Amino acid sequence: MAARAIWKGDLKMGPAKVPVKLYSAAQDQSVRFHILDKKSKIRVKQHMVDESGKEVPNEEIQKGFEVEPGTFVILDGKELEELEPEPSREIEITQFLAPKEIPPEYYDRPYYLGPDGDQSAYFALTQALHNKEKEGVAHWVMRKQRYAGALRAEEDHLVLFTLRNAEEVLSAKDLPKPAGRAPDKKELTMAKQLVGLLQGEFDPNEYKDEYRQRVMEFIEKKAKGHAPKLHLVKTKRKAASLDKVLSRSIAALRKEKKAA
Amino acid sequence: MPVDLYPGNRSSRIPLRMLGPEGEPLSRRYYSQKTGDDLEDDEMVRGFEYEKGKYVIVTDEELERLAPEQSRDIDLRKFVDLESIPPLYFDRSYFLAPSEGSKKAYKLLAETMAKSDLAGIATFVMRGKEYLVTIFPENGILRAETMRFKDELRAPKEVGLPDMKKVPAATVKKFENFIAKHSNNHLSLKDLKDEKAANLLRLVEKKRKQHKDIVEVEEPEERAQGKVVDLVEVLKRSLARKQKAA
């Protein structure tokens, strides 16, 4: 079943416009729970109460910014609305970068772009991004929010990522270097060997969320009325010296490779 | 290798408080739809809706027992070229700090990865959830990006995107020329500024100077006492801490 587009806009590059539709590329698969009232087993609701516990209806609620503990500047709906960006359908692509220029920690949510009408401009742009090995830096306004993003060609299609803003990403440069002595030559050689033995291609098919599967299986059994008994797994870890761990891992991996 | 995890992202959204008509701070409470009464934590349970309106109750204890082995070990499975991982998989960013006893292994791993220019793919358990992470060094510190599992991403076919079509070479060329003309070497952080937060703060300052719409309330004791833990500070201390044993 085809997904529903969540938004429509035009990729704008100078005079050229490519009309596109946006679709969420990520789908949260976490097991979703609801909060229930223990007695009635009915879903709970939320409301706002003052300090005496009295409910305050929505239309009487104001929003305030705390400038110092206990002091609020009240902002009314109109003032907040004026801060919202002008609505627009343009996704403006201002510059292009080599893909490694945007570090992974900036990527936030991915959206597939699909052509909205003109397929030839859409696929031409996809090919051009591949050929030039570049990704675009995008700016747009969607649902009253201003976004910065990255436009990438992923295989045959375009993906638009929202990017976190600079204030949201903590840099390692602002952190102290880890204390402790530097590793010696022997350790480095062994670690390099180990890394070399484990080197490979990233293949997303190798990883599954086993915990999620276990929770779902348990829920299904419990729904049928026979919940299995669960035992707390306790693990004891043995501390071993670093070079012992390294040489053991290397030996084990070599064996595996030979057997394969 | 046991490690501790600290968030590498933080929200830049300006928190606005909900206030009552007299400016008194409000709090959000859960209440029962049946009785209308507010509910305390121990009067609520977690339920999974397996049929419309029918729930399986799952307790904290059960979830804990279903959780993968409680350990802070990262299990490195593979080393890959960081750029070969499509950013579609990246979710949230964390920093790893060595826990007591693993300083040596931590430094060794960071240095080895930096030298070989590789990133590690590992699994990690945190708060009863299993995470797939990419680990790579940054300035001697290990960053861990949590990743979406494959089934948490839609395929273009599922979305209903059309298959690639043959397009006129001239149209491709036109886009290539535009890309070449507007290429830059670096991402400017100015492009990633949060204007909304800045504008909001400007408005707040303006109103404050004009003494407009300001309310003062007495600090309720529990709010004044509740200190916010600054995780960045904890992380900094944890990195700088000298090793006690081995």
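Modeller: Here three strands make an open sheet, in the order β3(A)-β4(B)-β5(B), with antiparallel pairing. Strands here are DSSP runs of E with at least two residues, helices are runs of H or I with at least four, and both are numbered from the N terminus; two strands pair if DSSP finds at least two bridges between them. β3 (34-37) of chain A and β5 (54-58) of chain B are the edges: each has a single partner strand, so one side of each has no neighbour in the sheet. From one strand to the next, the twist averages 55 degrees (axes are lines fitted to C-alpha atoms, for helices over the stretch in contact, and angles between N-to-C directions run from 0 to 180 degrees).

By the way, this is a predicted model: local features need pLDDT of at least 70 and side-chain atom pairs 80 or more, while totals for chains, interfaces and linings use all residues. Residues count from 1 along each chain as its sequence is written, while chains are lettered from A and ligands numbered from 1 in the order written.

Now zoom in on chain B. Its strand β4 (residues 44-51) pairs with β5(B) in the antiparallel sense, over five bridges, and R46(B) sits opposite V58(B) in β5(B). Chain A comes in again with helix α4 (residues 210-223), which lies across β4 and β5 of chain B and runs at about 120 degrees to β5(B). Stepping back, chain B has seven helices and 11 strands in total, and its C-alpha atoms fill a box of roughly 65 × 55 × 50 Å along the principal axes.

Terms used: Two residues are in contact if their C-beta atoms, placed from the backbone, lie within 7 Å.
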